[in-house]
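The following note sets out numbered remarks for a colleague who is about to examine the model.

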Amino acid sequence: MTWTDPVSEPGASTRAAGFSPQWGPIVAGALAAAALALVLHAFAAAVGLSISSTAPTWRDTSFALVLLSGLYLVLSALAAYGLGGYVTGRLTSARYAPDSDEAELRDGAHGLIAWALATILTALIALSATQALSRVTAPGSGNAGPAASVGSESLIAPEIDRLFRSERPPQGDVAATRAEAGRLLLSASSHSGLQPDDRAWLIRLTAARTGLNEADATRRVDQVVARSSETITKARRAGLVIGFMTGAAALLGAVAAWFAAVAGGQHRDGGAVPAWMGHRRPVTTTSRTVLP
């Protein structure tokens with residue numbers, strides 16, 4: 001039994017031109033994709049394929065591990081969005097001839113919408129988890145002490161520790177001193193580098209906090225500046241790779257969702273092989289009116 005394309009029916013061209021998404025299958029596919037993505041990312045964090053850890057040991061991550069983490073991100077996106085697209089296409093109600101381009105277009109569009117919704121859901125979940133983690137790790141109110149949460153603490157905290165390491169008990173506002181030193185050290189990796197007056201101030205600040213003489217304070221500052229610049233450069237390189245892989249994973253996930261939804265639609269209509277693979281099911285001669 002065959003289907004008749006709606007555009008061949010009198011007055012049906014208007015219905016074919018419009019597009020009314022079926023939100024039930026879209027939401028189901030998006031939830032399936034988001035759930036599988038979370039499971040795969042949790043597994044990656046457990047086995048060490050994630051460089052987003054708050055532990056300072058992430059700084060020792062090799063470039064090969066960063067690249068492997070990016071590749072895993074792409075593969076997990078293909079798996080998650082492929083599942084979401086297939087679920088969406090399989091659950092979508094058939095309204096066009098199974099072997100028509102219109103059916104493939106509608107199924108693929110449903111998969112693409114499910115991909116977009118799953119991406120938004122995953123981003124919101126990741127943002128919520130990041131905010132919750134920052135609240136847990138942030139210092140409480142009152143005297144924050146040396147571990148105060150400043151922009152440089154999560155990146156070059158060990159370098160700041162080395163800079164002010166001393167047997168003398170801390171005096172004054174240690175958190176403000178660390179924050180100022182961290183901002184100066186972050187500028188060391190800029191195009192212009194650490195300015196001479198900032199370097200001189202950092203040397204005086206180190207000498208005052210640690211009790212070192214000017215020569216020893218100068219050597220310590222130079223060593224810490226070199227370490228900080230190397231750490232920041234490494235972090236930028238890793239961030240570039242992961243950022244590129246994240247974008248590639250999103251785009252490839254959209255493609256996977258489209259074709260998986262088309263495959264799900266073909267299987268929904270009784271076909272064993274998707275039409276985009278170059279094989280279409282045989283069609284009988286009996287005609288049938290399409291669903292509204």
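1. R268 and D107 are both buried (buried: under 20% relative accessible area; exposed: over 50%; partly exposed: in between; 1.4 Å probe, protein chains only). The side chains of these two residues meet in a salt bridge, at 3.2 Å from N to O (a salt bridge being a side-chain nitrogen of Lys or Arg within 4 Å of a carboxyl oxygen of Asp or Glu). The pair connects distant parts of the chain, with R268 in helix α8 (residues 214–268) and D107 in helix α4, 161 residues apart. D107 and R268 also belong to a salt-bridge network together with D269. Helices (H or I, at least four residues) and strands (E, at least two) are DSSP runs, numbered from the N terminus.

2. Residues are numbered from 1 along each chain as its sequence is written, and side-chain values use heavy atoms, with hydrogens and water left out.

3. How many salt bridges does the structure hold? The structure holds seven. One of them joins R106 to E102, with the closest N and O atoms 2.6 Å apart. R106 and E102 both lie in helix α4 (residues 101–137), four residues apart, which is about one turn of the helix. R106 is buried at a relative accessible area of 12%, whereas E102 is partly exposed at 21%.

4. A further salt bridge is formed by the side chains of D222 and R199, at 3.0 Å from N to O. Because D222 lies in helix α8 and R199 in helix α7 (residues 196–210), the pair ties together parts that are 23 residues apart in sequence. D222 is partly exposed at 36% relative accessibility, and R199 is partly exposed at 31%. Side chains of opposite charge can pair when their charged atoms come close.

5. Helix α7 has 15 residues and reaches 21 Å from its first C-alpha to its last, close to the 21 Å expected at 1.5 Å a residue (the expected span being 1.5 Å times one less than the number of residues). Buried residues in α7 include L202, I203, L205 and A207. After α7 comes G211, with a positive phi near 80 degrees. Q195 is in the loop between α6 (174–186) and α7, and is partly exposed, with a relative accessible area of 34%. Q195 and L184 are eleven residues apart in sequence and 9.0 Å apart in space, C-alpha to C-alpha.

6. The protein chain averages a pLDDT of 77, and 71% of the residues score at least 70 (pLDDT is the predictor's confidence in each residue, from 0 to 100). Among the elements of the protein chain, α7 has the highest mean pLDDT (91) and helix α1 (residues 13–17) the lowest (45). Over residues 53–57 the pLDDT is below 50, and this stretch has two contacts in the model beyond near neighbours in sequence (contact: heavy atoms within 4.5 Å). Residues 136–151 also have pLDDT below 50, with ten contacts in the model beyond near neighbours in sequence. Where pLDDT is low, the predicted coordinates should not be read in detail.
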